[in-house]
Every structure is written in structure tokens, then in C-alpha cells.
Amino acid sequence: MKEDTRIVHAGRHPARFHGAVNTPVYRCSTILSENVAELKEKVRNKFDMVDYGRLGTPSTMDLEAAVAELEGGARAIATSSGLAAIAGCLTGLLSAGDHLLMTDSAYFPTRKFCDEVLARFGVETTYYDPLIGAGIADLMRDNTKVVFTEAPGSLTFEMQDIPAIAEAAHARGALVAIDNTWATPLFFKPFDHGVDVSIHAGTKYIVGHSDAMVGLIVCKTPELFTRIKSTTSAFGYSLSGDDAFLALRGLRTMKVRLEHHQRAALEIAQWLEARPDVTRVLYPALPSDPGHAIWKRDFTGASGLMGVELAPAGENNITAMNAFLDALKLFGLGFSWGGFESLAIPATGAIQRTATTFRAEGPVVRLHIGLEDIDDLKADLDQAFAAYRAAAG
Ligand SMILES: *Cc1c(COP(=O)(O)O)cnc(C)c1O
């Protein structure tokens with residue numbers, strides 16, 4: 001089955017729901033049983049049967065099945081946000097005394113979770129250079145249990161050599177996890193590249209309309225699923241039927257949406273790169289990007305999120321960046337991304353590093369290229385560049 005077909009049919013069972021095309025919203029805490037034997041059977045098979053609202057409903061289970069099938073994993077776990085998926089994966093796989101290797105380019109709240117929560121529970125985190133590749137072998141210790149990756153990195157967009165990292169990690173008995181949000185289950189197949197657990201902020205492209213928070217933990221094997229689900233269910237993680245419904249509805253059109261995001265983002269990246277207002281564009285689909293060769297080797301597409309380093313404005317860097325962002329009319333100023341709309345945020349000031357240094361002479365902004373007309377977006381950026389030049393002096 002081709003992917004376009006799979007994304008329409010995965011996790012969908014109209015016959016179970018009077019022929020309704022979409023799995024309905026299940027709003028429930030209590031699930032009634034006919035008799036004690038049925039009640040007990042549900043408790044015994046609580047990860048497979050509908051037993052209690054917190055553990056899963058047909059709405060969340062169909063979402064989990066669809067995403068697991070698309071990405072090629074055994075099973076998935078839906079959570080109430082992408083960050084909850086990261087926390088669930090890490091606590092499911094790590095115990096006191098274990099060591100975690102975390103990419104220095106990780107999504108900032110992931111770092112915060114390691115430094116402020118995992119540390120309190122006796123898990124030590126070492127940050128590593130995202131470009132380390134096979135060199136990760138030198139950082140592996142006997143108690144290193146997880147190597148966590150994210151490609152491309154949050155705000156800075158470095159690509160990682162996932163197969164090389166996975167080979168070195170597996171050689172020492174460690175598991176490999178990835179935050180695969182940028183690529184979605186469509187543009188990078190982590191389980192074909194040595195990854196054991198893949199995480200998505202479904203909030204982004206899967207939901208796709210900026211109207212729900214959703215996380216997904218996709219596990220390569222049933223054993224990993226049981227291990228992580230035991231932890232997430234012990235913590236009481238769950239996802240509402242309403243939000244699972246929105247994620248499933250978004251998923252059905254994700255491929256066509258991403259095709260537009262990709263085409264528009266690449267065209268705008270090339271247009272930006274050619275301007276004197278721009279020093280460089282951080283977007284691995286660009287042939288000039290340092291991560292392009294890895295992207296081309298391992299990924300089958302690029303989404304709509306990129307970094308842009310503006311021409312240096314010296315001591316006016318921040319004022320000029322703010323003038324640029326304030327001048328944008330079609331690009332909204334706001335966190336998150338992956339919805340239908342274009343967005344911008346300042347990246348300068350938000351990039352946190354401990355193992356490496358991110359160098360940029362000019363200010364860096366992050367752009368999400370939405371589904372608007374490409375020429376309208378270019379015109380909006382063009383007039384914001386005029387504001388930038390005026391403020392840069
Ligand atoms: C947004 C994001 C998350 C967190 O997702 P939420 O649903 O907002 O909690 C995790 N990783 C990456 C790369 C993200 O961009």
C-alpha cells in the first residue's frame with residue numbers, strides 16, 4: 001500500500017461505528033461490563049481493551065494505531081502533549097543510577113525536564129554535540145541506557161547522523177529515541193534507521209490546525225510499548241477523546257498539507273538565501289545547508305519550519321530583529337507551528353547550549369511557512385525587511 005492510501009485508511013474502522021467515516025469522539029471515564037468475568041478480562045488486558053477512560057478509548061486507540069502504522073512501529077501511546085510524550089518516554093526507559101545522552105540541540109523544555117526532573121530522580125544527563133555521529137561511542141558509559149536525538153535540532157536545525165549514532169548506542173546496549181516532530185511520520189522513518197522509540201508533538205502537523213495539544217510515543221517493539229505504557233499509565237497520562245478526534249482528522253490530510261508546506265518552504269528558503277538581508281537559511285532541504293547530505297540520504301521530505309539568520313546589524317541586532325518581527329502582517333507571532341498558518345518567533349535569546357556553541361553574527365528568527373499563497377508571504381517578508389534595514393541603521 002502506498003503512503004497516500006495508508007494515511008487515509010490506517011486506524012479506521014467505519015463498520016464498528018454504524019459506518020461513520022471517522023471514529024467518533026468517546027467521552028468516558030467509566031466503561032461498563034456485562035458481568036464480573038468481563039470486568040476482570042478487561043483489567044487483565046487493560047492495554048488492549050477499553051477498560052477505563054484514562055487508559056484509552058476507541059478515539060485514542062485508533063489514533064495510536066494509525067500513527068504506529070504510518071511510522072512503521074509496533075504500537076503507539078497517545079499523551080496530552082508532545083512534552084508529556086518526551087517525559088513518558090524518558091521515565092519509561094530510565095531508572096535511578098542510569099545515564100542519558102541528550103543532544104545539545106534538543107527542544108528547550110526537554111532539557112528542562114532532564115535538568116530539573118530526571119536529575120532529582122537520580123538520572124544523569126550528558127549533552128552531546130548534535131553533529132557527533134559515530135563519535136557518540138566515546139561518551140557511552142556502562143550505565144548509558146538511552147541516547148536521545150532530534151533531527152533537525154530545535155531552532156538551529158542541525159541534522160544528525162542517526163544510523164551512526166544508533167549503531168554505536170546499540171553496540172553498548174543503549175536504546176535510541178528521537179523527537180521526530182519536524183519530519184512527521186511521513187518524511188523520516190526512524191525504525192528503518194536504528195531508532196527504538198519515536199516521539200511526536202502531534203500538536204504540530206498531525207493536528208495541523210493549531211487547535212489541540214497531542215503527543216505520541218511510537219515504539220518499535222511490543223515489549224518497548226508495554227514498558228513505556230506501564231510507566232505512562234502509572235503517571236496517569238491520557239488524551240481526551242475530543243483531542244484524539246482532532247488529531248485523527250488532521251492526520252488524514254497531513255500528506256497533502258505537507259506537500260504544500262514543503263514546496264512553499266523550499267521556494268521561500270531559496271528566495272531568502274539570495275537576499276542581501278539574509279546571511280544564511282537553516283533548512284536541511286537547501287543544498288547549501290551543512291546537513292543537506294544526511295537529509296537527502298535519510299529523509300524523504302522537509303516540512304515548513306526553518307531558521308533565518310539576518311544580516312548582522314551589530315549593536316542593533318535585537319532592535320532590528322524586533323522591528324522585522326513586528327512589521328510582519330501575515331506571519332503571526334506565536335509559539336508552536338505545524339498549523340495552516342505562517343508564524344515567526346525570535347530564536348536569538350532562546351537558544352540554550354552547554355556542550356557546543358551556536359554561532360551567529362546576525363539575529364536569528366524562526367519561520368513557519370503555512371498554506372498561504374507563496375507570493376503573498378514573500379511580499380510580507382519583503383516589507384518586513386524594509387523595516388529591518390531601517391532599524392539596523
Ligand atoms: C512543540 C514541540 C514539542 C512539544 O510539544 P507540545 O505538544 O507543545 O508539548 C516537542 N518537540 C518539538 C521538537 C517541538 O517542536
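Predicted model: local features only at pLDDT ≥ 70, side-chain atom pairs only at ≥ 80, totals over all residues.

I looked up aromatic pairs and got nine in the structure. The rule I used takes rings of Phe, Tyr and Trp (its six-membered ring) with centres within 6.5 Å; planes under 30 degrees apart are stacked, over 60 edge-to-face, and the rest tilted. I picked out Trp182 and Tyr283: their ring centres are 6.3 Å apart and the planes stand at 70°, so this pair is edge-to-face. Trp182 is in the loop between strand E5 (175-179) and helix H7 (184-187), and Tyr283 is in the loop between strand E8 (278-282) and helix H11 (292-298), so the pair ties together parts 101 residues apart in sequence. Helices (H or I, at least four residues) and strands (E, at least two) are DSSP runs, numbered from the N terminus.

Residues are numbered from 1 along each chain as its sequence is written, and side-chain values use heavy atoms, with hydrogens and water left out.

Next, the ligand. I found 14 residues around the ligand, and Gly82, Leu83, Asp179, Thr203 and Lys204 come nearest; to be near, a residue needs a heavy atom within 4 Å. By class, I count six nonpolar, five polar and three charged residues in this shell, with Gly put among the polar ones. Helix H4 (residues 82-93) gives the largest share of the shell, three residues.

A polar side-chain atom of Asp179 is 2.6 Å from a ligand nitrogen. Leu83 uses a backbone N or O atom, 2.8 Å from a ligand oxygen. For Thr203 I have a polar side-chain atom 2.5 Å from an oxygen of the ligand. Taken alone the ligand exposes 380 Å², and the protein buries 91% of that (Shrake-Rupley, 1.4 Å probe).

Last, the backbone. Most peptide bonds are trans, and most residues other than glycine have a negative phi. I noted a cis bond between Ala151 and Pro152, omega about -10°; Pro152 is in the loop between strand E4 (144-150) and helix H6 (162-171). His18, not a glycine, has a positive phi of about 55°, and I place His18 in the loop between helix H1 (3-9) and helix H2 (36-44).

Definitions and conventions
Polar contact = N/O pair within 3.5 Å; in protein donor to acceptor, adjacent residues only side chain to side chain.
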